[in-house]
Structures are given as structure tokens and as C-alpha cells.
Amino acid sequence: MQRYSLSTEALATTARVQSPLVVHLYLGGELPPEFARLRTETQMLLEQMAKQNKNIKVEIHNPWSEEEDAYNRAESLDQRGMKPVPLAQQTEGGSERSFVFPWAEIRSGDRSLNVGLLKAKLGASQQERINL
């Protein structure tokens, strides 16, 4: 199912990519529903771009995966300007605090660009900040 389509401008930009470009999406793993939806929608758009141009690749990463050193990974993302968003979730035993990185990093050669996936709006709720 295709929920969104790429604009004419996005298609033109996608077509101009001539060297390998990798989009790293840091929303892997188990997420609350609103962030899982953000991941799905973002992934769908990025995969549409990748279908248009074989130079574009999409990788989804879980900063908290067991095979990586989660603390060092989170610290590295933070130092590169990708700040985590704190989450408080209710569990059977009370509440649990965790973090999510709603960021994409676009890399091509030795250049990179960080793209925040949340709207920057003071006083907005977490749900309002999710940029779909």
C-alpha cells in the first residue's frame, strides 16, 4: 500500500543523486506506537526514493541493540548532534524511562547531514512533535 507519493521536486532531487548515498534511520527496535508509526512512514518514503535511484540505500539501526555497545552508540549519536528524546512508559511494575533517537543521518562519501524527524515546537506534546 502506498500512502504517500513523492513530489515532483523530490523525484527531481532523487534523480540527481549520482554517487552512493546511504540514509541511516535510528528508529530500529521496539518502540512506542507513535514512534513505530514514524519509523514506518519514514521508511516508506525513503524506500520510494531508493526505488527511483539505485544509488540510494536505506539502513535502519537500533541504537540499543545487544550486538553493539549501546552506551557508546548513544554517546556517539549525541556527540554528532542527534539528541535523544526521553520516554516514560507505564509498565505493570510502575514506570520505565528510556530514550529514542528520532533521527536520520544521510551520508555520501565523507559528507553527512543529520535530519531530525520531530517538529521543533515549544510546549508541544510528544504526539504533536512527531513529523509525519
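**View 1. The accessible surface of the whole protein.** About 8,700 Å² of the protein is accessible surface, and carbon and sulfur atoms own 50% of it; areas come from the Shrake-Rupley method with a 1.4 Å probe, and for residues only the protein chains shown count as cover. This is a predicted model in which local features need pLDDT of at least 70 and side-chain atom pairs count only at pLDDT 80 or more, while totals for chains, interfaces and linings use all residues. Residues are numbered from 1 along each chain as its sequence is written, and side-chain values use heavy atoms, with hydrogens and water left out. Of the 132 residues, 34% count as buried (under 20% relative accessible area; exposed is over 50%, and partly exposed lies in between). The protein has four helices and six strands, taken as DSSP runs numbered from the N terminus (helices: H or I, at least four residues; strands: E, at least two). Along the sequence they follow the pattern α-β-α-β-α-β-β-β-β-α.

View 2. Axes are lines fitted to C-alpha atoms, for helices over the stretch in contact, and angles run from 0 to 180 degrees between N-to-C directions; contact means heavy atoms within 4.5 Å.

**View 3. Strand 5 between its two partners.** Strand 1 and strand 5 run antiparallel and are joined by four bridges, with Val23 opposite Ile106 of strand 5. Six bridges link strand 5 to strand 6 (residues 111–116), again in the antiparallel sense.

**View 4. Two nonpolar cores.** A nonpolar core is a set of buried Ala, Val, Leu, Ile, Met, Phe, Trp, Tyr and Cys residues joined through side-chain atoms within 4.5 Å. The largest one holds 18 residues, and Leu27, Leu31, Phe35, Leu38 and Val100 touch the most other members. Two or more residues each come from strand 1 (21–25), helix 2 (33–52) and strand 3 (85–91), and helix 2 gives the most, with five. Leaving aside residues up to four places away in sequence, Leu31 touches Ala36, Arg39 and Val100. A second, separate core has six residues, among them Tyr26, Ala74, Met82 and Trp103.

View 5. Trp64 and Phe101 form a tilted pair, with 5.9 Å centre to centre and 40° between the planes. Rings of Phe, Tyr and Trp (its six-membered ring) pair if their centres lie within 6.5 Å; planes under 30 degrees apart count as stacked, over 60 as edge-to-face and the rest as tilted. Trp64 sits in the loop between strand 2 (56–60) and helix 3 (70–79), and Phe101 in the loop between strand 4 (94–100) and strand 5 (103–108), so the pair ties together parts 37 residues apart in sequence. Trp64 is partly exposed at 37% relative accessible area, whereas Phe101 is buried at 2%.

Definitions and conventions: Buried means under 20% relative accessible area, exposed over 50%, partly exposed in between (1.4 Å probe, protein chains only). Two strands pair if DSSP finds at least two bridges between them.
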